[in-house]
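Subject: Structure handover

Hello,

Here is the structure I promised to pass on. Please open it alongside this note.

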Amino acid sequence: MSRVGGRSSTDPKKVSGELFSLTYGSLVAQILKDYENVDDVNKQLEKMGYNIGVRLIEDFLARTNSGKCQDFREVSEKVQSAFKMFLNISPTVTSWSATSDEFSLIFDTNPLAEFVELPDHCYNLRYANILAGALRGALEMVHIEIACWFIQDTLKGDNFTELRVKFIRKIEDTIPPGDD
Amino acid sequence: MTIYNLYIFHENGTLLYYQEWHRRKHTEMSREEEGKLLYGMIFSMKSFVNKLSPSDLKDGFQSFKTSKYRLNFYETASSVKFILNTDTSVTYSLVKDLLKAVYAQVFVEYAVKNPLYKPGDPILSLLFKNKCDHFIKASSFYK
């Protein structure tokens with residue numbers, strides 16, 4: 001079960017992927033209890049992911065020493081390597097739109113949902129929505145606004161999990177505020 | 001060789017952090033105003049350098065030098081801006097390596113990974129200050 005997470009497990013400072021999956025599972029269960037409404041839970045997970053993403057990007061940049069991306073294809077490669085770095089999974093990048101502003105990330109398994117079964121009343125729960133939020137938060141920090149959402153999910157009986165990413169716009173540098 | 005002072009700016013222009021070591025002359029402005037002035041100058045400098053460049057630039061504006069000091073500028077892909085003033089005998093590439101290390105080993109570790117620190121606010125953490133001080137003083141071109 002070391003598919004998720006596993007930076008070297010011999011490093012005592014790192015946690016095992018299993019611990020992360022289970023922690024995330026209890027988090028989702030708790031939010032479900034607190035909110036009851038599945039749509040609200042989806043929103044909360046996305047928001048939490050966003051808050052993680054805006055910090056995680058700095059860690060990613062510091063470790064990979066990468067500069068700005070020139071096009072969206074480069075972005076997809078960087079995103080792919082980030083999944084490798086933080087979750088030790090390698091999603092496949094595919095299904096590019098004709099204008100190269102949309103792509104899909106295919107995960108053979110849902111990386112966070114190792115031990116999960118969705119009860120019937122949670123059918124609309126987007127269990128791994130935190131990933132979508134993290135991706136949006138991280139890319140916003142490097143001045144790329146995207147939208148992203150799950151279109152297939154192994155938890156719902158699909159063969160694989162597919163996350164769709166769409167480029168919206170490039171955020172321009174903020175001009176410093178002038179003197180009053 | 002000497003290091004005078006360090007400014008760290010958020011992408012929106014907020015002065016996140018300031019620390020000085022061998023600065024002997026001070027402006028009459030408040031630190032906040034000084035930060036605004038510097039940020040504005042860097043912002044103009046960047047667009048100036050990009051506009052006047054005869055070919056596409058990879059790194060853009062990096063540093064300038066006067067008879068007394070060199071201002072070194074390093075910006076991450078997330079637009080965190082580091083400005084380090086040194087004396088003129090220090091080369092930019094040395095400073096760039098130092099600033100990259102400050103980013104990766106001080107800024108990310110002790111500001112971004114601190115859950116009590118809200119991104120975009122000035123950094124008040126004492127731990128951050130100590131680590132930063134230690135890091136700069138350990139560098140090969142701190143006197």
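Predicted model: local features only at pLDDT ≥ 70, side-chain atom pairs only at ≥ 80, totals over all residues.

**Helix H3 of chain B**

H3(B) runs over residues 126-138. Its 13 residues should span 18 Å at 1.5 Å a residue, and the end C-alpha atoms are 18 Å apart, so expectation and model agree.

Which residues of H3(B) are buried? They are Phe128(B), Cys132(B), Asp133(B) and Ile136(B). Viewed down the helix axis, these buried residues fall within an arc of 130 degrees, so they line one face of H3(B). The general rule behind such a pattern: an α-helix has 3.6 residues a turn, so residues three or four places apart point the same way.

The buried residues of H3(B) have several packing partners in chain B. Three are strands: S1 (3-9), S2 (15-20) and S5 (81-86). Helix H2 (92-112) is another. On the face turned away from the buried side sit the exposed residues Leu126(B), His134(B) and Ala138(B).

The N-terminal end of H3(B) is capped by Ser125(B). A side-chain oxygen of Ser125(B) lies 3.2 Å from the backbone nitrogen of Leu127(B).

**After the helix**

Ser139(B) belongs to the segment after H3 of chain B. Is Ser139(B) buried or exposed? Its relative accessibility is 12%, and buried means under 20%, so Ser139(B) counts as buried. Beyond its neighbours within four places in sequence, Ser139(B) contacts Ile3(B) and Leu98(B).

**The cavity**

The structure holds one cavity of 30 Å³ or more. The largest cavity has a volume of about 100 Å³. Both chains line it. From chain A come Val54(A), Arg55(A), Glu58(A) and Met141(A). The chain B residues of the lining include His10(B), Leu16(B), Phe107(B), Val112(B) and Tyr117(B). Two elements give two or more residues to this lining: helix H2 (38-64) of chain A and H2 of chain B. The largest share, three residues, comes from H2(A).

**The second largest pocket**

This pocket has a volume of about 580 Å³. It is lined by 19 residues. Which of them are closest to its centre? Those are Asn5(B), Arg23(B), Lys25(B), Tyr69(B) and Asn85(B). S1 and helix H1 (31-52) of chain B each supply at least two residues of the lining. H1(B) gives the largest share, four residues.

Best wishes

Methods:
Residues numbered from 1 in each chain as written. Chains lettered and ligands numbered in written order. Heavy atoms only, no water. Expected span 1.5 Å × (residues − 1). Buried < 20%, exposed > 50% of the residue type's maximum accessible area, 1.4 Å probe, protein only. Arc of directions from axis to C-beta. Contact = heavy atoms within 4.5 Å. Polar contact = N/O pair within 3.5 Å; in protein donor to acceptor, adjacent residues only side chain to side chain. 1 Å grid on protein atoms, 1.4 Å probe; cavity = no way out; pocket = protein on both sides within 12 Å on 5 of 7 lines; lining within 4 Å. Points joined across faces, edges and corners; volume = space filled by probe spheres on them.
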